[in-house]
Structure formats: C-alpha cells, structure tokens
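Biologist: I would like to go through this model feature by feature. Please give the general idea before each case.

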Amino acid sequence: MDKIPALELKNITKTFGSIVANKDVCLTANKGEILAILGENGSGKTTLMNMISGIYFPDAGQIFINGREVVITSPKDAFDNGVGMIHQHFKLVDVLTAAENIVLGLEGRFNLKTATKEVASIAQKYGFDIDPMKKIYEMSVSEKQTVEIIKVLYRNANILILDEPTAVLTPQESDKLFDVLRRMKEEGKTIIIITHKLHEVLSLSDRVAVLRKGEYICSIKTSEADESILTEAMVGKKISLNIERKEPNNPVDRLVVKDLQCLNREGVHVLQDVSFTARSGEILGIAGIAGSGQRELLEAIAGLQHISSGEITYIDPKTDKHENLRDKTPVQIRQLGVRLSFVPEDRLGMGLVGNMDIVDNMMLRSYGKGKSVFLKRKEPRDLANEIINSLEVVTPSASTAVRKLSGGNVQKVLVGREIASTPTVLMAAYPVRGLDINSSYMIYNLLNQQKANGVAVIFVGEDLDVLVELCDRIMVIGSGRIAGFVDGREATKEQIGLLMTKNVSKPHSEKAEEVTQ
Amino acid sequence: MTADKEKKVRDPLFHIIKRGSIVWWKSALIRVAAVLIALIVVALITLLITGQNPIEMYKAMVDGAVGNELRIWNLLQDTALLLIVGLALTLSFKMRFWNIGGQGQIIMGAIAATACMKFLPGKVPDFAIYLIMIPAALIAGGIWALIPGLFKAYLKTNETLFTLMMNYIALNFAAFLTFRWSKNSGNNVIGIINRKTHEGWFPEIGGNGFVGRTFLLNVLIVFVMMLIVFVYLKYSKHGYEISVVGESEKTARYIGINVKKVIIRTVIISGAICGLAGLILVGGVHHTLTTDIEGGRGFTAIIVSWMAHFNPLYMALTSFLIVFLEKGAIQVASSPSLNLDDNFANIVTGIIILFIIGCEFFINYKIVFRKKKGGAS
Amino acid sequence: MFEAFLSKFVYVLTSSINNGMPVLFGATGEILTEKSGHLNLGIPGVMAVGGISGVIAAFFYGQVPEMNPILTILLPMLACLLGSLVMGLIYCFLTVTLRANQNVTGLALTTFGIGIGNFFGASIIKITHVDIPSVRIDATSKLFKATLPFASKLGWFGEIFLSYRFLVYLGLIIAFIASFILFRTRLGLHLRAVGENPATADAAGINVNKYKYFATCIGSMIAGLGGFFYCIDKNGWSNDTIEPLGWIAIALVIFAIWKPHMAVVGAILFGLLLNLYDLIPALGLNIKFPQGYDKLFKMIPYIVTIIVLIITSARKKREYQPPSHLGLSYFREDR
C-alpha cells in the first residue's frame, strides 16, 4: 500500500516563557491512517497539535499538508487546510444548540434549517445519535463529543485530531467511537489521536509516534509494538507498572453512609439512595462516568453539599462514638474531632489558592487555630518545607505561587497538606488526573501508605485499569445512584463499564451548577 | 520559490506571549515611561487647545501643586483624602467585591457628620459631639455598603451595579438635605456650620503661625489608617480570609470559611472607612455639606487602588501622582491667561490614567517579533 | 371622562418615550458591547463625548448665516458618531488589544469623557473667542425636534405613534434591528459565541478581536447618539446631567436581560420614572409635596433598578444570566 503523507511537521519548536513545550519535532501522518500520539502528561502532545489546529503559533519549524507548506495562524487557516481538532475540553458554547455550534464560524448563507438537515445526514452516515436542536448545557459528555466530531466533519476536514477523546467516556462508548474512527479511516481520512492509554493505542492505531518531554522520540508500527516497548519509549526507562496492593489490615467500619439524597438547585436528584460503608485500612474505589454524582457525594461527606435526607455516620476509632455528620459545616466536623481529609477534583479552584504561595496554602486548614487575631506563618512554613523535601516538589521556593507549579507538583502540595493532618478518613477525587506516570505512582504509594496506617481511603477514579489494580472494593455509581459493588481483586473493567451505564436516565451536566455563579 | 514568497507575506510580523515574571525595575521603568509619554500627549493636546507653550504649562503645573507651603499642605491633604477612599475600597476589591459605591458611602458618612454638627450643639457637651459624630459617620457609611453586601452574600446580586445605584440614591438624598437644611430655604447652600463656635470641627494642631494646622490631623488620621489596613490585610486572620474568599469562594467553603460572614464583615469595614472619609471631609475640611463634597474620589480611588495592585503602601504613591496632576492641571486651567474650566484637570488625569492602564499590558505580556527575537516594551 | 383619561395617558406615554430615549440608545449600545463579552462602564463618558461632539458641530454650523437643513442634521450627527467612535476605539484598544481590566478602563473613560463634555461645554466659547454669551444650539435642535405636521390631526393614534421627532424612531429601529441581528443572523450568532466562550469562537475560526472591536465601536456610536439626543432635548450642554443617564442605561441592560427589544419597554418605564415628579399632575394625582421633595423622586429609577437587579439575581434562570465571559479578557495562548 502506498503511503501518501497527509501531514508533515518539520522541526517544530514552541516555548512558553522559559518552558520548552516542543523542541525540533518532526512527524508524519499518512492518508488513510490512524496515528496515535503517545506521551505522558506534559510531554507536549497537545501543544504540538494545537499548533496544527491554529491555537498556537510555532516559534520555529514548518508544517506541510499534502506536500505543500502551509502557515496556520488561526483555526480558520486550519479548517481551510482540512484540519479539524476535537479538543479535550470541548469548545462548545453552552447556551447554543448543537446545530448552532456546528455552523459557528462558517461563512456563506445563514440557514439553520438546511444546516440541521446536513447534520442529520452526517450523523446517519457515520452512525451518530444526535438531536441538532438540543442545547449544549443539557447534553451529556458523550453527546457533546459527538457534536464536536460532527462539527469537524461538517467542515470537510480530512485530518482529524482527537485529544484524549476517551477520557470522559465509558468503555462501551469508547468502543463505539473507535468504530466511527475506523469508518472514517476507510474513507481515506487521516486520524490523529492523542492519548496516554496504551491499550487504546494498541487496539486502534496503525502507527504510534511517541513524544517525551517535548521531543519526538520515535514512531513504531503498532503491529510491531507492545506495552513494554511503548512504555519504555514514553517514559525513557523501564518501569514496572504494577501497583502494590496489600490485604486490608483488620478493617473496621469508619464511615457509614445511609440512604443519602441530594438535590441540585433545579431540584433534580444528584444523589439518590446512596448507602455504603468505608472501612479503615481499605481503599474504596468509586467508579462512574464523570458527573454521575461523585463530586456531590464527596462534598456531602465533607459538609459542603446540602443533604435532603439520609445519614452520614462517623465512627471514632478511639472512643467508638458515633457522630452524625449530616448538616454540619466543615468547621463543625473538625470541631467534633473528625479527622477527615479531602483532596478535591478541582485542585487550584478548590483545594488550593493558585495565587497564594505554598506557605499560605499550608495555612488554609489551620490558620484559624488559636485566639490571636494575627496569622502565625512559622508552622505552615515548616510544613511547606517538609512537604517540598519529602515529596520532591519541584519549586524555586516555598514562597512561590502554587499556580506557577506544574500539575504534578500542585497535586503533591495538596495531597501532602491533606495527609499532614493525620486523617482517619481520606477522600481523593481524580487525584492523578493530568499527572505524569512518576507523579501518579507517587500518589498511589501515598494512598497505599495511608491505607497501611489504618486510614479509610475513598478514591474516585476514572481510569478503570487503575481502579481494579489499586482498590480493595469498588462502588460503581451511575446517574447519582449506586449501580453495584465489586471486589477490586476479582472485577474486570468490562464488568464495571456495564454497571456504569446501568442507570442511564437524564444525565445532569457537571457544569450546570457553575453556570449560575 | 513562490511558496517561499507567499509564506513571507503571510507570516505574522510579531506575536504576543505572556510573561512568566518580570524584574521589578523593568516594570517600574515601563510605568515611568507610560507616565512620561502621557505627559507628552497632554502637552500636545494642551498646545492644540490653548496654544500654550508646553514647558511653561508644566512649570505652571508644578507651581500649582507645590508652589507654596499652603499648596503643599493642600496637596498632602487631598492625597490623604483620596488615599483613604482607596484603602476602603481595597478591602472590598481584595475580596473581588467590586465596590464602586465609594461615592455614596462617603456622602452618607458626610451626611451623618453634618447632622451631628448641626443638631447636637447645645444638647450635649462639646466633647460628646465627637463621640457621637465619629460612630455615626462610620455606621452610615457601613450601612450604605452593607445593603449591597447582604444581597451579594445571599443572592449573589451583582454588586458593581448595585453599589453604583446606591451612589445616586445617596447623592439625591444629599441634594434633598442641602435643600432642607439650607439657611435661606431654597438656595441649596447650607453654609459653614458652627463658624464661630467650631463645635464638631476637628481640632487644629500647632499654633497660628503653622500653615498646616488645619491639615495635619487629617493627614495623620489617614496615615495611621494606611498602616492599619496594610497590617490587617497582610498579617491578620481576617485579611487572610478576605484573600481566600476573593481568590476562590469554592476554596473558602472547602476549608470552612463562612463566606457570607466574611463578605458582610468586609463590606461593612469598607463602607465605614468611606464613612470616615466623609467625616473628615465635613469635620476636618469643609465644615458643611454640599452635593459635590465627595469630589469624584469614589471613582478615582478605584483606579488608585488598582494601579497600586491593591497594596496600601503603593497606594500612597498612586494617589499622590493623581492628586499632583489634578492640582497642577487645575492651576494651569485657571491661570489668568487661559481661564479655562476646572474640568481640564479631569481630561489630563484621564489621559494619564488611560496610559497607565495600557502600560500594564507590557508588564504582563511580551511582544516577540518573528525575525529578530527580543522583547519590545 | 374617558377622553380626559386618554389624553393624560397619551401625554404620559409620549413624554416617557421621549425621556427614555437617551437611555434606550445607551442600553442598546451597551447590550451589543456586553454581548461581545465587554462590560463597558465607560458608557456615561461615551454618551457625554457623543453629546458634546454633536453640540460643538451644531454650534459651529449654527454660526453659518444660511443653514442648510440637511447639513444641520447631518453634521452634528456625524460629529457625534465620530466622537463616540473614538471613545469606543480607546476602550477597545485598551481592553481588547491590551487586555486591560474592563472595570477600571471603563471608569477611567467615564471620568475622561465627562471631563471632556464639561470642559468643552464651558470653554468652547473661550477657546474659539466667539462673541456669544452661551452655547445654545436652538436652531439645530428645533430642526431635530421637528415632527410630522399631520400627526396631531390624527387624534390619539397620531399622538402615540406618529408624534415624535425622527431620532425617536431611529432609536426604536436601531433597538429592533440590533435584536434581529443578535438573534436571527450569523453575525449575531458569532457575536454571542464570542461573548459566551471566546476560546470556542476562536477555535471555530471566528476572529474574536474583530468582533469585539466591531460590537464595542458600533455600541459606542449608538450610545453616543443617546448623549446627543439628550443635548438636543436641552438645547445645548448641561454639566453632569448625562452621567446618571449613562449608569441607568447600563442598569437597563440587566432589566432587558440582554435583549434590545426588551430594552425598549424598559426605556419607556425609566422615561416615566425619571420624570415622575413632573408627571404627577399629568397622572391626575392631586398631591402636593413640600419643596425639595423632587430630589427624593429622583431616587426612584435607581431604587427600581436595584429591585430589578435583586429579582433577576434571585431567579437563577440560565437565559437570564449575562454572557459567560463578560468582564474577562481573552488571550488565545493562555494556559
């Protein structure tokens, strides 16, 4: 088969201030091929693709499309050259309908009706399911992704770039997406998929290009690759990808949640009849499609979400006293002597204050101690230095604004602070999202250490491979209800995936709440 | 070949990147440059409008601002008056509460102070007038800020517009009172209150030979206030809470800060300090109430606070700069040869402020030219 | 009985429409600006500059012995549009190109614009050494205030619908056209997308800055006409009276939930409230207030605005919210 290069990159370099995001990257994608771009978080995959789709402009280097050099200074240039990108964070306008979003930015006659028809025919051709008149803020994540893909197809893109498209999908939805992508490939389109998930690379792509720390490492034919080759290329050294899982040591009930119900502002149930028990010395995993009520559940336990009915009981390890945490504020919970730590999903928006330095962020939990009206910065400074040393946080100093740290280091600061208060319950929501492999494993180790210390750990994750490797028990949640419990040592991903979509009803969008702020 | 040519044409000439950080002297240099360019532009505009020699004009400006001892004291006092409003508003701004209702809060403080001066003498002992007047002004200003604050805390009502509307309610209330309280009903002038007895007037410091005797106390009050606000924001638990709430309400709730309480507490303090400014204006400066007593400080102070990056100490500098320019420009405008309207000063300061606002871009971003690399600032 | 009521009603309605018109221009302009994601608190300044530019042009042309009616209309309007366009461009350059803080820029522009208005309002004579006691533009404003001659002959129908000067119709037409463009055309779709989510609009190939400039400058020009309308009404410049109207225009945007056709209704209501004290006799109310109480009546529009603010904030309906990206600057390479 003749390989015709559809896209060629030559010596692309891009820097942000002193950070080199891409250095001398050369890459080729052929016509009718699925090329996977593999690399850890922070390896420069997305930046590279953003330069092809016109979001960024390269500092140096050339881009060739169908053998002709092009200059792409804006997304419009990219469309004109047949390049379309589906971003990880969807680029959709919430208050507009699917059809309005799809025609957004196009020129020529404005006719929403004909556009709607065309959208329907594209959807039919590739097997999508979509309502063109539905507003984006009423859609589920996979629906939004469908809109994104159709948007690109509507513009006759021949080179499609997908940035981590499966991050928010269930395994079943991912399979469906892959089918669509294969169909497009058969039509002669070039598909570039950015990912850090090895099994996706192996099952979908024809060829893999690996990036590491902003540099192009190699490309490999998928048929000649396996997991260990790819991992080595990606990380640069051989590492074992096994998470250690010890048997829980004498588990006792620590947190009992019973018949929990929560409503959102529109009066819709975000949590319904949720009952479970978290035990000491055990990691309880929570699996589910993003926005199925995971955040509300953790926030309800932490005293941040109003509970309409149900009970949350904390059992004190020393006194064996039962404390009801319902309707208590975070401060009241702490005053009861409950040592509850919470690593929220939104690190810089909730767990930390981005514009404050590490020292001031250490004070967040403890600043109120004591009668003085003034702050004491000595203890937090010591704690900050301790965490920087023990967790190998890369930072110029303890007085650097947290916002300026990389994702992994931000998370180390947050987790470090939450663990420093010697919790008895530790809740962590998506603690490795966006982290490179080394940082991820450091977080897993920290969770395991806490488990060994007898802490009841609740871990909300999205990577099912990790959940089944790390957790002792896994609770699957769907549309705010419990879909089932599985044993972490016996369950398979497929089993969990099926449970995730069991309660399919009207999905509530995660963003609905932010809108009103 | 042709492709090359085409490329050159379409290559962007420059593009903009965000700076990671900037050394202090560079940012200072950019700001100074901005002010200088603004002064040149002002000179050109003055030349255009009046035909006056720009150098003569700047000489007149400096003379107008610091030409004699009285002018220096006036300059200091007006700097202080602008600064105290800036301090008040900064407390709100740090919390991302856009209090642009300084005007109304100052006026309410001034109204309360005037009422005490007007109605208390003879009914309570002289010293008690101060004891009532001070809290009355603080409370009046505080309440005027509290009303939008309450709605912000409980309903997230947009405070920018709410506080703005409160300005005009206060202003019309002041207009109503100046009418009702005026000596000859209907002329809208209250006149100096307690001209002979000086009841409720701030005490003078120093003897008759000291030009600054009526100014010094006002300046001192504001100076102390500046230190208090600085320490409060930087070293107190309250100040820390304000920062957290301002940066992220979600974080504040996550760590158990009572966000509503912090908002309400802070806007009351913010409004009360504006009320204090009103008190100084009545008790220490004008000894009467007029509808324009606030003198646009509520708005100008927003710019003062923002230009100083919400740092109380820098704010002393930015207020000084603005007042200096205003005083100078008024002097230029009112010089016998020109005899222009006072509003000339607003145009001058407006232009300079717009330049300073614009120069922030060059502090936060860098322009990189495609061929020869290097920052342009 | 009915006749009397009708004539009172017609009088109150027509004068409210006239009085609300500057605010309507301001609000329509501000809606366009806000839809692009920019909160322009400089509107009072823009209106002041628009007003004074028109007044200056009218004043100068008024010195010409033989005034051509078409030029008498056109020159001041062009000057007004030009003056407010310059203000819009200053705002755009600072907030769009230089990404400055919108609140601060807007307020500075208001101070600046009001300063220009008051300064030239007072000094134009001194500067130009014209031998005239005060700036009056009676001749010009008379022309601008001309109405259809046959309107009064058509009874209440004519009074309500046909009795206005042409600028009133212009204001209404602009508001309805603005609504049509915003909600029925591609231009409007793109503009709304820019204000809601500029990153998305950008990725869709929309030139975000071009739209922002376009919306803000057109918006400023429309708002400037509001200032000019007011000056025509007053036969010249009057110090510090435009600023409060500018703020009410910004408040009206919220009242109208970012829809220009809703602003028409709001403008009539505000027109009523702004002159409520003077309209009391016309409303048939026989109440005598002590002297000075007219000042208290002037608070009413602001109080009503606050009530509207509170109500809209209490009802957290998605459609009632401001454009999501309002007040934030956009930088493509932000990360």
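Biologist: In what order do the 4 strands of the open sheet in chain A lie?

Modeller: Two strands pair if DSSP finds at least two bridges between them. Helices (H or I, at least four residues) and strands (E, at least two) are DSSP runs, numbered from the N terminus. In chain A the order is β12-β11-β14-β15, with antiparallel pairing. At the edges are β12 (269–279) and β15 (322–324) of chain A, each pairing on one side only.

Modeller: A word on the source: this is a predicted model, in which local features need pLDDT of at least 70 and side-chain atom pairs count only at pLDDT 80 or more, while totals for chains, interfaces and linings use all residues. Residues are numbered from 1 along each chain as its sequence is written, and chains are lettered from A and ligands numbered from 1 in the order in which they are written.

Biologist: How many bridges join β14 of chain A to β15(A)?

Modeller: There are 3 between β15(A) and the antiparallel strand β14 (residues 309–315) of chain A. A:Thr313 has A:Asn324 in β15(A) as its bridge partner.

Biologist: Which strands of chain A does helix α9 lie across?

Modeller: Axes are lines fitted to C-alpha atoms, for helices over the stretch in contact (C-beta atoms, placed from the backbone, within 7 Å). Angles run from 0 to 180 degrees between N-to-C directions. Helix α9 (residues 294–302) of chain A lies across β11 (253–263), β12 and β14 of chain A, at about 65° to β12(A).

Biologist: How many residues does the contact take from chain C and from chain B?

Modeller: Chain C gives 44 residues and chain B gives 42 residues. On the chain C side, α4(C) gives the most, with 16 residues.

Note on methods: Contact = placed C-beta atoms within 7 Å.
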